[in-house]
Amino acid sequence: MSYIISFCDCVIYTWSMENSTLFQFEDVQLDVEGKHILQGLDFSINKGEFVAVIGASGAGKSSLLRMFNALASPSSGRITFRGNDIDSDVQSLRRNVGILFQNPVVFEGTVRENLLIAGRWDQTISQTLDHEILAALDQVGLINIELTHHARDLSGGEQQRLALARTLLNHPQVLLLDEPTSSLDPKLAREIMDQVEELREALNLTVIAVSHDHLLMRRYAKRVIILSEGKIIGDGDFHTLDKSHAFEDAGLLKNEVNNAT
Amino acid sequence: MRPDFYVLSWNDLLVSLLFIAFSLFLIKKWKLGLENTLLVGTLRTFVQLTLMGYVLTWFFDQQHWAFMLMLLFLMILIASYEGTRRQKNAIPHFFPAMLVALLGSALLILGTILLFILDVEPWFSPYAAIPIGGMIIGNGLNSTALTANRFVGELKHREKEIETLLALGATPKLAVYDAMKASIHAALIPNINAMMTVGLVQLPGVMTGQILAGIDPIIAVRYQIMIMYMWFTTATLANMIMLAIVYRQYFTSRLQLRLELLRENKG
């Protein structure tokens with residue numbers, strides 16, 4: 001009997017593990033103009049994780065992030081999303097996997113026009129009611145803002161929040177952040193990241209954030225992937241990796257690491 | 001009294017060289033350093049157009065539809081080549097895109113004019129088909145060459161916007177919609193402006209030519225009106241066909257913007 005139960009447990013465990021895997025990278029390589037930008041990437045991302053991808057500039061962080069929503073494709077190897085090839089349905093993948101760029105793109109027009117820009121091709125978005133728009137703005141901490149306000153008149157931090165709200169209206173499962181706070185002051189950066197963490201919990205989002213600022217990231221991410229010259233040289237929790245040389249090897253100063261811990 | 005005809009003789013043409021001589025004098029005085037270029041341009045204008053006159057006369061004498069279509073196709077080939085050469089950016093498959101755009105718009109518009117507007121008899125009469133076809137092709141070439149340059153500029157300028165739209169789930173066509181709109185606007189607005197001011201500010205070349213050749217101004221004006229409408233439609237149609245082919249070159253089958261194309265310039 002006990003054998004049967006443990007067998008069942010094992011099946012359930014295996015099933016739930018497979019079920020919770022969102023992204024699977026298998027020996028992924030990216031070459032651009034003959035140069036290896038990323039190589040030998042083998043890892044998976046599970047549902048609900050907050051993963052930070054850390055590395056010095058030029059390590060390939062942004063290139064890696066762009067693969068999660070198929071804005072870039074590997075030169076060799078395979079990526080799957082929920083068990084299917086990542087490029088089997090790119091449009092639906094991108095609605096599921098939202099991205100926030102370093103410098104948010106705000107289109108000419110009002111706050112409402114910016115939020116509903118996906119309504120050009122998605123009827124569910126174009127039919128969004130005002131109270132739903134206001135709820136999305138509230139979720140990202142943009143309160144007391146007129147929907148008729150000209151979006152390009154907003155401050156840098158407000159524009160980043162607007163871009164976040166626009167992504168949320170697609171109801172994504174995954175949020176990709178590409179150095180989203182690097183152009184903001186530290187206080188504002190913390191506020192935005194706090195907001196993202198709240199959203200992750202409230203909406204059960206998976207967050208993958210690329211940053212050179214591991215001091216900021218260790219406040220939020222449970223897992224860190226350290227990239228150096230296109231290769232993963234560390235993957236685990238911050239505490240374990242602090243004991244290795246991965247941060248220094250990636251060109252991140254040891255003093256910084258010690259001060260932060 | 002209205003003269004029946006002004007015949008321009010070779011001697012008369014020699015006198016018109018005085019214009020060039022006067023320009024040369026001015027250029028020299030201002031030390032603009034354009035003398036040689038102007039002399040080559042003057043000579044090429046003379047040689048090319050004179051040869052074209054003989055070629056056209058020969059073609060016109062053939063009175064065969066195949067000759068007319070061949071000549072039109074040759075004009076379209078040359079225009080497509082010229083349009084490709086004028087691009088600042090190496091647009092993939094631009095030559096076939098121009099060819100399809102010019103062929104499509106020329107066939108449709110020239111066909112309509114010959115068969116339904118002018119009721120030319122026979123329909124392939126080179127006296128109507130070649131000059132009107134030439135205007136259509138020339139205008140299509142100028143407009144599409146400018147639009148394509150502008151479009152690539154817009155893509156470079158809007159790279160982040162386009163990627164943001166793609167990331168939100170847009171198709172490539174919708175992601176570049178604003179870029180296409182801006183470049184078509186830039187191409188068509190001069191055409192619309194010309195329609196607004198024609199006859200008030202300038203008298204168009206065709207009309208002037210017809211009046212000089214002794215045609216009643218009322219008739220000449222009718223031709224000009226048809227030509228203005230024809231020009232606008234040619235520009236609209238040729239640009240749309242060209243952009244519908246060109247924008248696709250900037251995306252992969254996985255709906256990714258081909259960033260490497262936006263980085264490189266023609267060598």
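How many of the 13 residues of α7(A) are buried? The answer is 11 of the 13, so α7(A) is largely enclosed by the rest of the structure. Here a residue is buried if 20 or more other C-beta atoms lie within 10 Å of its own, exposed if 12 or fewer, and partly exposed in between, with C-beta atoms placed from the backbone.

You are looking at a predicted model, in which local features need pLDDT of at least 70 and side-chain atom pairs count only at pLDDT 80 or more, while totals for chains, interfaces and linings use all residues. Residues are numbered from 1 along each chain as its sequence is written, and chains are lettered from A and ligands numbered from 1 in the order in which they are written.

**The two chains at a glance**

- Chain A contains 12 helices and 10 strands, whereas chain B has 11 helices and 0 strands. Helices (H or I, at least four residues) and strands (E, at least two) are DSSP runs, numbered from the N terminus.
- Of the 261 residues in chain A, 38% are buried; for chain B, 27% of its 267 residues count as buried.
- In chain A, 66% of the contacts with a separation of 6 or more are between residues 24 or more positions apart. Two residues are in contact if their C-beta atoms, placed from the backbone, lie within 7 Å.
- In chain B, 71% of the contacts between residues at least 6 apart in sequence join residues at least 24 apart.
- Taken along the principal axes, the C-alpha atoms of chain B fill a box of roughly 70 × 55 × 35 Å.

**Where the chains meet**

- The contact draws 20 residues from chain A and 14 residues from chain B.
- On the side of chain A that touches chain B, helix α3 (residues 90-96) of chain A gives the most, with 4 residues.
- Sorted by class, that side of chain A has 11 nonpolar, 4 polar and 5 charged residues. Ala, Val, Leu, Ile, Met, Phe, Trp, Tyr, Cys and Pro count as nonpolar, Asp, Glu, Lys and Arg as charged, and the others, Gly among them, as polar.

- The 13 residues of α7(A) reach 19 Å from the first C-alpha to the last, close to the 18 Å expected at 1.5 Å a residue. The expected span of a helix is 1.5 Å times one less than its number of residues.
- What covers the buried residues of α7(A) includes β6 (97-100), α4 (111-115), α6 (130-139), β7 (174-178) and α8 (186-203) of chain A.
- Leu164(A) sits in helix α7 (residues 156-168) of chain A, and Leu164(A) is buried, with 25 other C-beta atoms within 10 Å.
- Apart from neighbours within four places in sequence, Leu164(A) is in contact with Leu100(A) and Val140(A).
- Leu164(A) and Gln139(A) are 25 residues apart along the chain, and their C-alpha atoms are separated by 9.4 Å.

**Helices of chain B**

- Helix α1 (residues 10-29) of chain B and helix α2 (residues 35-62) of chain B pack at an angle of about 165°, with their axes 10 Å apart. Axes are lines fitted to C-alpha atoms, for helices over the stretch in contact, and angles run from 0 to 180 degrees between N-to-C directions.
- That angle makes α1(B) roughly antiparallel to α2(B), a label for angles over 145 degrees.
- Ile20(B), Ser23(B), Leu24(B), Ile27(B) and Lys28(B) of α1(B) make this contact with Glu35(B), Leu38(B) and Thr42(B) of α2(B).
- These contact residues divide into 4 nonpolar, 2 polar and 2 charged.
- In α3(B), the buried residues include Met68(B), Leu71(B) and Leu72(B), and the buried residues of α3(B) pack against α2, α4 (94-117) and α5 (126-157) of chain B.

**Backbone details to look for**

- Most residues other than glycine have a negative phi, and most peptide bonds are trans.
- Arg82(A) has a positive phi near 50° and is not a glycine; Arg82(A) lies in the loop between β4 (76-81) and β5 (84-85) of chain A.
- Glu229(A), also not a glycine, has a positive phi of about 45°. With 17 C-beta neighbours inside 10 Å, Glu229(A) counts as partly exposed.
- In chain B, a cis peptide bond joins Glu121(B) and Pro122(B), with omega about -10°. Pro122(B) is in the loop between α4 and α5 of chain B.

Definitions and conventions: Parallel < 35°, antiparallel > 145°, perpendicular 65-115°, else oblique.
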